[in-house]
Amino acid sequence: MIKKDTIEFKIVSLIDIAGEMQTKDLFRLKYGNEYIRKVISRLKSDGYIKAYKFDNIKCLRLTSKCKKYLKENFPERFADSFIGATATNKIRNDAHRRMRRHRLGEVLTLADLTGVKIFADEKSLMKKTLG
């Protein structure tokens, strides 16, 4: 079970925004590499994320189980994330799109390190207008 304000929650939130992330980008977070490795392993064994490899590039993606869980338990952050036609998500292995998602993952982890609030539910002005 994923709880808010945990490293597990942060990891799945970042993967949600980027679509997929390389593990090396998650190691940039302000936690030890071994701890992040254990958290990723636990998320995989719980069925919340899945590792993919294409063109020798490994990445992590959310599973449908995780998306459903997040949407039901944390609607303030994930209600708008998993809407729309699934057909638009089918072309995931295009090299240009994958590199764009990986660059987004890099930017998101760096933003998190510098303290930039990247989620709408963390921003007080957006909370007022959205909620």
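Me: Which residues is Asp-25 in contact with, leaving aside its neighbours within four places in sequence?

Reply: His-102, Gly-105, Glu-106 and Thr-109. Contact means heavy atoms within 4.5 Å. Before we go on: this is a predicted model, where local features need pLDDT of at least 70, side-chain atom pairs count only at pLDDT 80 or more, and totals for chains, interfaces and linings use all residues. Residues are numbered from 1 along each chain as its sequence is written, and side-chain values use heavy atoms, with hydrogens and water left out.

Me: Okay, and why is Asp-25 called buried?

Reply: Its relative accessible area is 0%. Buried means under 20%, exposed means over 50%, and partly exposed is in between, using a 1.4 Å probe and protein chains only. At 0%, Asp-25 is under the cut-off, so it counts as buried. Asp-25 sits in helix H2 (residues 23-26). Helices here are DSSP runs of H or I with at least four residues, strands are E runs of at least two, and both are numbered from the N terminus.

Me: What makes Cys-66 buried?

Reply: Same test: Cys-66 has a relative accessible area of 0%, so it passes as buried. Cys-66 belongs to helix H4. Not counting residues up to four places away in sequence, Cys-66 touches Ile-2, Val-12 and Tyr-48. The C-alpha atoms of Cys-66 and Gly-47 are 7.3 Å apart, although 19 residues separate the two along the chain.

Me: How many aromatic pairs are there?

Reply: Five. Rings of Phe, Tyr and Trp (its six-membered ring) pair if their centres lie within 6.5 Å; planes under 30 degrees apart are stacked, over 60 edge-to-face, and the rest tilted.

Me: What makes the pair of Phe-9 and Phe-78 edge-to-face?

Reply: The ring centres are 5.8 Å from each other, with 85° between the planes. That 5.8 Å is within 6.5 Å and 85° is over 60, so the rings pair and the pair is edge-to-face. Phe-9 lies in helix H1 (residues 7-18) and Phe-78 in helix H5 (residues 75-78), so this pair ties together parts 69 residues apart in sequence. Both Phe-9 and Phe-78 are buried.

Me: How do you know that the charged end of Lys-65 sits over the ring of Tyr-48?

Reply: The distance from the ring centre is 5.0 Å. The rule asks for NZ of Lys or CZ of Arg within 6 Å of the ring centre and within 35 degrees of the ring normal. The charged end of Arg-61 likewise sits over the ring of Tyr-52, 4.4 Å from its centre.

Me: What goes into the largest nonpolar core?

Reply: It has 26 residues, and those with the most contacts inside it are Ile-2, Ile-11, Val-12, Leu-26, Leu-43, Ile-49 and Leu-70. A nonpolar core is a set of buried Ala, Val, Leu, Ile, Met, Phe, Trp, Tyr and Cys residues joined through side-chain atoms within 4.5 Å. Two or more residues each come from H1, helix H3 (33-45), strand E2 (57-62) and helix H4 (64-73). H1 gives the most, with seven residues.

Me: Where is confidence lowest, and where is it highest?

Reply: Lowest in helix H7 (residues 124-130), with a mean of 59, and highest in H3, at 95. That's pLDDT, the predictor's confidence in each residue, from 0 to 100. The protein averages 83, with 85% of the residues scoring at least 70.
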